[in-house]
Amino acid sequence: MFRTLNTNIRIFLQGAYLSYVALFAWIQPAHYLATKVMGPFFYMIFFVLMGAYISGRNDASFYVIGNAMQAAALSGIYGVSMSIDGDRWGGTLIYLFGTPANRLALFLGRAFMHLLDGILGVIIGLVWGVLIFKLDLSQTNFLALALVITTTVFSTAGMGLMLGCLGLITRNVMLVNNTIFFLLLVFSGANVEVSSLPAWAQTISSMVPLTRGIAAARLVIDGQSLAMVWPLLQGEFLVGVIYAAIGFLMFRQFEIIAIRRGTLEAF
Amino acid sequence: MNVIEVSNLRRVYNANVGAIRRSHKEIVAVDGISFHIEGGELFGLLGPNGAGKTTTVKMLTTMLIPTDGSIRILGLDVVRDAKKLRSRIGFIYGGERGLYWRLSGIDNLRYFGSLYHLDPQATRKRIPELLEMVGLSERGEEKVEGYSRGMKQRLHVARALLHDPEVLFLDEPTLGLDPVGARDLRTIIRNLQAENKTILLTTHYMLEADALCQRIAVINKGKIVAEGSPAELKSIVSDLSVIEVEVFGSVDDFLPTLRAQSFVDALSIENREQKQVLLIQSPAGAEAVSPLLGLLAGVRVGKVIVREPTLEDAYIRLVEEDV
Ligand SMILES: Nc1ncnc2c1ncn2[C@@H]1O[C@H](COP(=O)(O)OP(=O)(O)OP(=O)(O)O)[C@@H](O)[C@H]1O
Ligand SMILES: [Mg+2]
């Protein structure tokens, strides 16, 4: 029992680090800087100016927090799905599935570093907010904020796991990712009040990651307590678990079908 | 004792044909083959492109489900006991893909070590031994993207050996290597056999099969057309002679007539620089030369040689026979 657990933890951790280095295309410093450091900065400027212009509201913090949190999806969605889908391109899939390794440990391991990376991404976004838009953190409970950020990154990673599998199946992960990322920009409430969306759109908002996390982040930064946002956090966590579970089922199914049809090496 | 038992193995692929009006086409890649391999044996599966070698190896290594028939390895069924079997076999599918190019050779091995449930201490000890064995000791720390093709293929061998498997499947291990690289890899394979591993190797190089294997099965169009030791296979053509005729210019128009002659048992063409060489297997030996040249009237003919058949001639005969 313990031995198996130990082995699976090792598959998870070693896979976490090595798969991140091996499969994440943005790991080169220049690329990383452009997408993860400068990216959120430009999003933020764009939406703060646009938003202020359209809504006439003077409150930059709404957009600053929304876009800082949206940075979670950069890691959660692009990073994680690239790490899942990447094995197809390198031809490593057939060797990976040829091992007796526990598939859940293997699968979740590929997301782990992106969690850390995503948390860092949100922090970078918030730092930009403080530096440029004078985001006020004086009322913030940082422990609560840390929990909000971690949960949100987790839920986007859950979706990334699913999208990565979709990428394995459709062989076009980037198209899927880009579509989802931009849909999230709208539906998650990063740049519009969810309550101002039409009812059907609000239904979508309630089913995607980020929505509850962004709402919670705004409340916590505004000085609300952890207890106040706890239900939002639970919801956000559950969304992540559901997507990750769907992703894992797809991953298993993909392996079984590919071995039956002989498509493991098709790309 | 038989370590591998294959009986009536068949595999049919469903291929999509046409991009717009999609239809399905059935491709019979492996068509009812049976063979067995004993413990410690080095067995060669020899066949031309598209013969079904890779398809067979994929089924043997649990990575493809047979359409029909059965495979037992070490007493385990490849479909039902796939997971158990995976920790006892090692495999490479040839070529340089299938490694994490952005990781070092050592990190590739470390990662696969954990996937094979190896104890980290044991892996740490084993990696330098394996690198030594495949001649990569000096380069293990470097990223794989900087490796030459031969180095990548040797790293694959090390990866396949990490968990010290009892049975090893090598699908065209020397594919694309230069003569020296191929020879080095063959030495490695020979050493593995000395460690008493059971090895199945596929290749389309006759000489490689001859040099390495105790037994060879020749596979063509999904069927095994002959099986035996290299010497036994050579005896298939022992009653024949081979006539090599150098010709300049196209002889395609003559081929049907030549093939129809009673003294021509098999005919193939080799391209050598500007000239072509007709290889004719004939029971008539030297007697056949003058009628042959008569039939080639109008063709510029160079050297003509009559010689004893080799294993390669046996191979050519086997894969040409049912064309
Ligand atoms: N995934 C697949 N889908 C459809 N057809 C396939 C698939 N894989 C192989 N085939 C077909 O099955 C046949 C046997 O292919 P296979 O790759 O087993 O041959 P091989 O002996 O390994 O050839 P080579 O020497 O070129 O590697 C070929 O006709 C090939 O086109
Ligand atoms: Mg092949």
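Student: Which residue of chain A forms a salt bridge with Arg86(B)?

Tutor: In this predicted model, a salt bridge is a side-chain nitrogen of Lys or Arg within 4 Å of a carboxyl oxygen of Asp or Glu. The count between chain B and chain A is one. The closest N and O atoms are 4.0 Å apart, and the partner of Arg86(B) is Glu255(A).

Student: How many residue pairs are in polar contact between chain B and chain A?

Tutor: A polar contact is a pair of N or O atoms within 3.5 Å; within protein, one must be able to donate a hydrogen and the other to accept it, and residues adjacent in sequence count only if both atoms are side-chain atoms. With both residues at pLDDT 80 or more, the number of such pairs is 11.

Student: Which element gives the largest share of the side of chain B that touches chain A?

Tutor: Helices (H or I, at least four residues) and strands (E, at least two) are DSSP runs, numbered from the N terminus. At least two residues each come from several elements of chain B, including strand E1 (2-17) and helix H5 (149-161). The largest share, six residues, is that of H3(B).

Student: What area is buried between chain B and chain A?

Tutor: Buried area is the accessible area (1.4 Å probe) that two parts lose on being put together, summed over both. Carbon and sulfur atoms give 60% of the value here, which is about 3,100 Å².

Student: Why is the site of ligand 1 shared between chains?

Tutor: A residue is near a molecule if one of its heavy atoms lies within 4 Å of it. Of the 13 residues around ligand 1, those that come nearest include Gly50(B) and Lys53(B). The site is shared because ligand 1 is surrounded by residues from chains A and B.

Student: At what distance is an oxygen atom of ligand 1 from an N or O atom in the side chain of Thr54(B)?

Tutor: For Asn49(B), a side-chain N or O atom is 3.0 Å from an oxygen atom of ligand 1. For Thr54(B), the corresponding value is 2.7 Å.

Student: What is the average pLDDT of chain A?

Tutor: Residues are numbered from 1 along each chain as its sequence is written, while chains are lettered from A and ligands numbered from 1 in the order written. Local features need pLDDT of at least 70, side-chain atom pairs count only at 80 or more, totals for chains, interfaces and linings use all residues, and side-chain values use heavy atoms, without hydrogens and water. The pLDDT is the predictor's confidence in each residue, from 0 to 100. In chain A, 96% of the residues score at least 70, and the average is 88.
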